[in-house]
Each structure stands twice: as C-alpha cells, then as structure tokens.
Amino acid sequence: MHKSPPEGSAGHGETEGVEPATGSGKHRRSLRLTLPGCWGALLLACLSFTPSLLPRSGVLQGLICGISAAIGYGLGVIAAYVWRAFADREAREASRRSWRVLLVCAIVLFGLAFGFGQYWQHEIRRLMGITDYSVPAAVASPFLAALVFWLLLLAGRGLRRLYRWFARLLRRRIGPRAARVVGWVVVAGLVWSVVSGVLLAGFMNAANESFSLRDTTTPEGVHQPTSTLRSGGPGSLVPWDTLGYQGRAFTGSGPTARDIGAFTHRPAQEPVRAYAGLQTADDTEARAERAVADLQRAGGFERANLLVMTTTGSGWVDPAAVDSFEYLSDGDSAAVALQYSYLPSWISYLVDQSKARQAGRELFDAVYDVWSKLPQGQRPRLFVAGESLGSFGGEAAFSGEYDLRNRTAGTLFAGPPNFNTLFREFSDHRETGSPEIEPVYRQGRTVRFTEDPTAGITPEGAPWNGTRVLYLMHASDPIVWWSPKLALSEPDWIGEAPGSDVLEEMVWIPFVTFWQVTADLPFSTGVPDGHGHTYKAAYVDGWNAVMRPSGFTPQDLARLRDVIQPPEH
C-alpha cells in the first residue's frame, strides 16, 4: 500500500505510484497545483509574449500563452522530480511564504511580459502596415490563457489517472516497475491511436467531403470561356464541369490580348491556359496527359513561352504568378496546371505532400515528353513555377541544380515550405557567411534567393547566365521557416540579422518558439502583400529577372505591379 504525500506538498499528484484520493478530496486534488510546476508555467507563459514572425490577435496570444504555460508546468514538475531523485528525498510541503513569493512574482513578471508583448505586437503591425487592433481581445488574452492552461492540465491528469488504473491492473500479474513502463506505453499508444486514427481521420473525411462539394461550384464573376485557347472552352478535351472550382477560376479569368496590348502599347496575343481537374481523369498520370493533350490542341507548344505551374492543394494557382508571366511575354505564352486534391493548402500541407510531389513530377514529365520531341528551333522556352506546396511539387520533377538548368529556361518558386528537398539542399549548402534568409549557393550561378526582387537579388554583380532559378521568400513567412526542429534546436535564421519585417527582439526559446511559429501558419496569408505568405507584386520583378523580356522599362514594371496588385487607398 502506497502512502499519499502530505497535504500541500510539492509532489501532489506528481509522484508515481500515489493512489488518488477518494470523494471530495479526489476532486480537490485534481485542481491542486505544485510550486515547481507553477514556476515553470509562469516562466514559459511570460516568454510566450515575445514576438514571432507575424502580428497576433488577443485570442491567438491567449492560446499560445495557455499552451506554453501547460508545457512549462509539466517541465517544472519533471525538473522537481529529477532533482528529488538525485537528492534522494521525498516531496515536501511548500510553505505559505513560497506561495506568496510566487504570487508577487507572477503579478509583476506577467504584467511586464504583457506590456512588452503589446509593444512588440504594435511594432510588428507598424512594420507590415497593419492598423487593425482589438483592445478587448488583448485584455481577454490572459483569461483565455488560463482557461487553455486548465483544460490541458486536466487532460494531462486524466491521462495520468488512466495510466495508474491500468498499471494497478498490471501489478496483479507483473512486477511494479514493469507495470509502470507497460502502463505508460499502452496509454501513449492509446492516445496516439485516438488522435491519428479517430480524430484526425474523422477531421480529414469531413474536410474532404466539405471541400469536394465546394469543388462543384464556380467562383463569382467567372464564366465558361468562349475561346478555343482555354480548357473548358469550345473544342476543349477537358469538359468545363470537370475542371473544379479552382480550375474554372484559372481558365475562366486572366488578361486578354486586349488587356495586354493596352498595357504594353504593342500587338499582343491571347494567352493559352490548359488545366485538368480531379474529375477530368481517374489518376494523376491520366490527368497530366489530358491537360497536356488539351495544351497541344490549343497550340500551347507553338507559343514562345510555356509555363508548367504546380498548384497548391485545392488546385489553386495564384493569379499574380500567371498574369505577370503573360504580360511580360506579350501574351505569347501558354500555361498548364492540374488539380491533385480537394483540400486547401494548409491541410494538404500536412497530409497531401505525396500527392503534390506526384502531380508536379507527372505534369512536367508529360509536358517535357512532347516538348523534347519538337525540332530544337521550334521549342518554346520552358518555365516552371509553384507557390507554397506547389513549389514542393514543382521541385519533385528535378534532381538538383544541373537538372533545373538543363531542362528548363527558368524557374520561379515562391514561399517554399521548409521541407522542400531542393530548397533545403540549396540553403543547407549555402556559402559561408551568407544568411539563411537570403543564402548564396555556388556564387549564385543558377539558383538565387530574394525577399524583395525590387531591392536587388544577391549576389549582385556576379554572373547569372543561362537558366535562372529564383526563390521568393519573405523573412516573415512562417511557411518557409516552420519546422518541427524549432521545438528543441535554434535555427540559423533566428540567430542571424533579421529580415526587414522581423523584429530584432525575436529570440529562440525551446518549445515556445515552435508554438508561436505554428500559430502563425494559419494566418500567414492574412497580412499585406510583401509580408508573410502573401506574394503578389513580387512576381512581376521575379519573372522579369528569370525571363529577361525585352521592351519593359523600370517604369513599365512599376505600372505592372499596380496592375497585378492594385495599391490600397
């Protein structure tokens, strides 16, 4: 029979093997806190107010603060348990004086952290030109943090109670040490099974059902093309009703020959756009073949410039990427893309990476197969592009720098996720002294990186002949910088000089920084152009650098930026 620890001890409910109290005492104990845990919770809760990449709302700050406090509480309890093990003593009751010291420190430290946090958020909003700010939400954030903290704490203690119950059953047949180990393994496996097999699967099924219904609709203001140069139009091999929501947006919009000519004051052609949706064919390879067949039917391979565009999860293509390409080619262009999922990018980012890789590879290979068989003098210049998860899929068709240089005329990737294979290879093997937010790879002979192409592309002055590969990536884009490694290891980009829209006060804190950047992800596109994961006007200068078109002055590029992303008034 195990003894319960003294009332109010630092080990309440934290030492292994303690039987839970019964009756009302059991419920009181489930709400009790330990002193070491509270110190850990206070420390990480205060640190959660430090700045990250994007401005936070009061609600988001409350969630981060509550999660950080719960992690800090657990770390504090574990630290106290380890210290007692080395000191070879039992848990002792914390004095009233110790609790008073904690209370005073909590009021002072949390108040300071809250104040500094509001100042830092103001500075981030100023850097990004954001004026929205909710005072009530900011005031409510500590209360939301407390609620989140208690819910997580109670969930953790519920799991511990389950473990103790299971370990007690096991002790009837095996030794106590083995029972404890097996008990934790079984509970951990049960939690993982429930989260991944029930909750996640249920969420994914519901999301897929919901977004598949949306895929049958058409965006407002978009109509079926009347041009034979578009998929879904007259003579197309791809029926309009199989294109999906994003496919119809892609082929049913974009600049016309009149729009382009009015801008350039030169004769212009009507751009070709080909697309295949999930309903177009049963598998990725067949969809790619159908899209390329429709591209060929519309005369896409007879144009001067051909763009292979890998989409994001739902089949979305950023209009800024393709429109810029078409304007800079005087409409003498063709673009092709295909859909590989119903799910939006932020969900596909987690579960559809393999589909993005396959789609990028199959589409480029299908295009390249036709393109490579054309007489050399009749081949269009072949370009590749992709944004976010689309860049991940776009990279999949290539083995490295030489492959990109040999099989394309140029490549433009925007907002590459941190797990992109080639992006990581280029960044990890950058030249010594070049920062991670703007690395220099092999003197920039083929591959280069920039936060803002209007401000120059490093290394300036160095030769950049032949095929050009350019990555657009903002210093404040959490899609680019998020990684599970943030939890336990400091990345180079935090220790180096920050980008133009990231505060110098951003520091790496174990666990805290991971949750801060994780919380930034869903809101990465909710900031003005040029920040976070919003890439619009930068496509103009990005494509200008990669394509090197003739007849466009700096003034023309400035006007085109206003066309692609009209200035806010």
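**A first walk through the model**

Guide: The protein has 20 helices and seven strands. Helices (H or I, at least four residues) and strands (E, at least two) are DSSP runs, numbered from the N terminus. This is a predicted model, where local features need pLDDT of at least 70, side-chain atom pairs count only at pLDDT 80 or more, and totals for chains, interfaces and linings use all residues. Residues are numbered from 1 along each chain as its sequence is written, and side-chain values use heavy atoms, with hydrogens and water left out.

Visitor: What does the C-alpha trace span along its principal axes?
Guide: About 90 × 50 × 45 Å.

Visitor: And how much of the protein is buried?
Guide: Buried residues are 52% of the 569 residues. Buried means under 20% relative accessible area, exposed over 50%, partly exposed in between (1.4 Å probe, protein chains only).

Visitor: What order do the strands of the sheet take?
Guide: The order is 1-3-2-4-5-7-6, in an open sheet of seven strands with parallel pairing. Two strands pair if DSSP finds at least two bridges between them.

Visitor: Which strands stand at the edges?
Guide: Strand 1 (272-276) and strand 6 (447-450). Each has a single partner strand, so one side of each lacks a neighbour in the sheet. On average, neighbouring strands here are turned by 15 degrees against each other, direction ignored. Axes are lines fitted to C-alpha atoms, for helices over the stretch in contact, and angles run from 0 to 180 degrees between N-to-C directions.

Visitor: Back to strand 6. Are its faces covered or open?
Guide: Both faces are covered. Val447 and Phe449 are on one side, Arg448 and Thr450 on the other, and all are buried. In a regular strand the side chains alternate between the two faces of the sheet.

Visitor: How many bridges link strand 6 and strand 7?
Guide: Four, in the parallel sense, with strand 7 covering residues 468-472. Phe449 stands opposite Tyr471 in strand 7. The loop between strand 6 and strand 7 holds Pro459. The peptide bond from Thr458 to Pro459 is cis, with omega near 0 degrees.

Visitor: Which strands does helix 9 lie across?
Guide: Helix 9 (residues 284-297) lies across strand 1, strand 2 (305-310) and strand 3 (333-338). The helix runs at about 160 degrees to strand 3.

Visitor: New topic. Where is Glu395?
Guide: In helix 13 (residues 389-395). Glu395 is buried yet has no salt bridge. A salt bridge is a side-chain nitrogen of Lys or Arg within 4 Å of a carboxyl oxygen of Asp or Glu. The nearest side chain of opposite charge is Arg357, 8.7 Å away. Lys and Arg count as positive and Asp and Glu as negative; His and the chain ends are not counted.

Visitor: What does the Glu395 side chain reach, then?
Guide: The backbone nitrogen of Thr421, at 3.3 Å. Leaving aside neighbours within four places in sequence, Glu395 is in contact with several residues, including Phe413, Asn420 and Tyr471. Contact means heavy atoms within 4.5 Å.

Visitor: Is Gln443 buried or exposed?
Guide: Gln443 is exposed, with a relative accessible area of 52%. Its phi is near 60 degrees, a positive value in a residue other than glycine. Gln443 lies in the loop between helix 15 (421-428) and strand 6.

Visitor: And what is the phi of Phe511?
Guide: Positive, about 70 degrees, although Phe511 is not a glycine. Phe511 counts as partly exposed, at 26% relative accessibility.

Conventions: A polar contact is a pair of N or O atoms within 3.5 Å; within protein, one must be able to donate a hydrogen and the other to accept it, and residues adjacent in sequence count only if both atoms are side-chain atoms.
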